[in-house]
2 protein chains.
Amino acid sequence: MGRHDHRSLVTTPADGLAERRTLAVEIADRLSQSIFLGEIAPGGRLNEVEIAKRMGTSRGPVREAFRYLQDLGIIEAVPHHGSFVVEFSSAQIKDLIVLRSTLEGVAARMLIGTRKDLTELHVVAMHLERAAEAKNGSVFKRLEWRFSRALCEAAGTGELVTTWEQVYRRLRLAFANITDNRTLSDRAGRYTSLAATLKETVPGEAEAAVRSHILSGGFAKLGVGVPEYLVMDKAIS
Amino acid sequence: MGRHDHRSLVTTPADGLAERRTLAVEIADRLSQSIFLGEIAPGGRLNEVEIAKRMGTSRGPVREAFRYLQDLGIIEAVPHHGSFVVEFSSAQIKDLIVLRSTLEGVAARMLIGTRKDLTELHVVAMHLERAAEAKNGSVFKRLEWRFSRALCEAAGTGELVTTWEQVYRRLRLAFANITDNRTLSDRAGRYTSLAATLKETVPGEAEAAVRSHILSGGFAKLGVGVPEYLVMDKAIS
DNA sequence: GTGCCACCAACTGTCAACAGTTGAGGCGCA
DNA sequence: TGCGCCTCAACTGTTGACAGTTGGTGGCAC
């Protein structure tokens with residue numbers, strides 16, 4: 001991907017000259033890392049002075065970092081009460097899965113409809129197979145992210161990516177403590193065949209394929225089936 | 001709807017006790033109003049000290065308000081250079097239309113699939129007809145917003161609404177200076193028939209109907225046709 | 001024991017001053 | 001005249017202190 005492997009979660013949009021990192025962004029990054037690592041539990045509170053002390057800054061940038069994290073949807077702020085790491089109900093998680101499947105689905109539709117290049121998807125699928133063989137779960141996760149992101153990036157402008165990112169991030173947080181029961185090689189195989197399907201299909205089918213791929217994966221993690229009304233017929237168009 | 005007609009754009013999520021308004025939220029609201037009214041043009045710069053002076057506060061809350069508006073996606077910040085009202089390319093606008101159609105489409109699918117109540121949609125459609133008769137454009141716009149919002153609210157948890165809101169808000173800003181050439185009564189009729197269609201259909205068709213409703217409306221405003229690959233077959237499911 | 005009230009500690013909200021940076025305009029020099 | 005350097009004004013970034021709010025705690029009357 002880009003120049004940094006560990007890219008900032010807080011993207012300063014729409015230009016290249018903004019390579020400067022402000023303290024607030026720095027703090028936001030470190031905090032979000034902590035949150036995703038589970039060092040701060042869902043529902044946990046973020047104390048401004050404590051964090052300012054730990055980061056070695058004043059409270060100003062910390063407060064600003066909180067607003068960033070709020071935008072990212074991983075903390076919530078209640079006036080005069082503080083900021084808390086978000087928690088998700090199972091209904092919310094299901095919604096997020098549906099949203100993700102919808103977004104990536106339409107990305108696939110646009111991708112096929114505009115005849116964009118699909119090699120990156122195949123490459124990532126190949127890497128997924130390798131990571132599965134090596135039983136490297138964390139690399140696998142990262143590659144899954146990259147697959148979806150590549151789909152959205154190739155399909156449209158930043159609008160799609162931004163929206164997708166918001167959803168994916170929250171979903172990742174919601175799934176932080178849930179492990180997938182299916183084997184890595186099974187999951188990798190699904191990516192490979194998905195990429196193969198996309199290679200030679202029409203927009204409508206592409207959307208249906210991607211959507212079902214994500215829906216089945218997501219609901220499987222929850223240990224439940226996909227509601228029938230969400231299953232999309234493979235429309236030809 | 002809710003208790004306030006003029007509800008805050010910056011929602012403090014997930015509880016009722018947060019009725020308190022902080023200065024930053026107040027400023028964010030007033031600024032976003034100015035932006036949507038076009039008093040600050042797209043690409044325009046927001047000066048911290050000037051706004052602080054005008055609002056009668058220090059720069060702290062103003063900076064915080066900027067972060068809120070950044071989250072809302074209506075301004076962008078470049079370190080050491082300032083914050084600017086976002087501008088949209090036509091490609092971005094098209095993406096936003098596709099996103100909106102996708103989100104509301106899946107909302108319709110969930111709505112029908114879970115057999116939710118549809119009366120609010122019919123009520124709003126009726127009001128739209130009336131507003132069209134009265135040739136009241138601003139009320140019409142507000143009702144359009146309410147129709148879409150009702151769709152998303154009824155369909156799922158707040159996740160869908162939040163995501164949809166983000167997209168809709170940006171789209172509204174992008175279309176701030178573009179007027180629809182079609183007559184109000186024509187547009188109102190489409191809502192009425194859409195609501196009628198939703199009343200007795202299956203999830204797949206509901207999604208296709210809503211999606212095409214929004215796609216055709218959106219691209220019409222741009223004065224171009226809907227790309228064929230975006231047109232969804234009315235799948236039966 | 002129970003209920004009420006005042007106090008208090010721990011926060012978050014706000015402020016005004018200070019530091020750092022950027023881009024522009026003036027100035028000297030070739 | 002044209003080029004490069006310097007200075008400077010106008011910003012944004014950061015700080016530490018002060019103000020306001022909240023929930024709990026202890027004492028007091030009953």
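**Note on helix packing and chain contact**

1. Helix 1 of chain B and helix 3 of chain B cross in a right-handed sense. The model is a predicted one. In it, helix 1 (residues 23–36) and helix 3 (residues 59–72) of chain B have axes 8 Å apart, at an angle of about 55°. Helix 1 of chain B is therefore oblique to helix 3 of chain B.

2. The residues that helix 1 of chain B brings to this pairing include B:Leu23, B:Ile27 and B:Leu31, while helix 3 of chain B contributes, among them, B:Val62, B:Tyr68 and B:Leu72. By class, this contact has 12 nonpolar, 1 polar and 1 charged residues.

3. A second pairing joins helix 5 (residues 119–133) and helix 8 (residues 184–199) of chain B, whose axes come within 8 Å and cross at roughly 165°. Because angles over 145 degrees count as roughly antiparallel, helix 5 of chain B and helix 8 of chain B are described in that way. Their crossing is left-handed.

4. In this second pairing, residues of helix 5 of chain B, including B:Leu121, B:Leu128 and B:Glu129, meet residues of helix 8 of chain B, including B:Ala188, B:Tyr191 and B:Leu198. The contact has 9 nonpolar, 3 polar and 1 charged residues.

5. Between the chains, 48 residues of chain A are in contact with 48 residues of chain B. Helix 4 of chain A supplies the largest share of the chain A side, 12 residues. That side is made up of 24 nonpolar, 13 polar and 11 charged residues.

Terms used:
Residues numbered from 1 in each chain as written. Chains lettered and ligands numbered in written order. Predicted model: local features only at pLDDT ≥ 70, side-chain atom pairs only at ≥ 80, totals over all residues. Contact = placed C-beta atoms within 7 Å. Helix = DSSP H or I, 4+ residues; strand = E, 2+ residues; numbered from the N terminus. Nonpolar A, V, L, I, M, F, W, Y, C, P; charged D, E, K, R; others polar. Axes fitted to C-alpha atoms, helices over the stretch in contact; angles between N-to-C directions. Parallel < 35°, antiparallel > 145°, perpendicular 65-115°, else oblique. Left-handed = near helix turned anticlockwise from the far one by under 90°.
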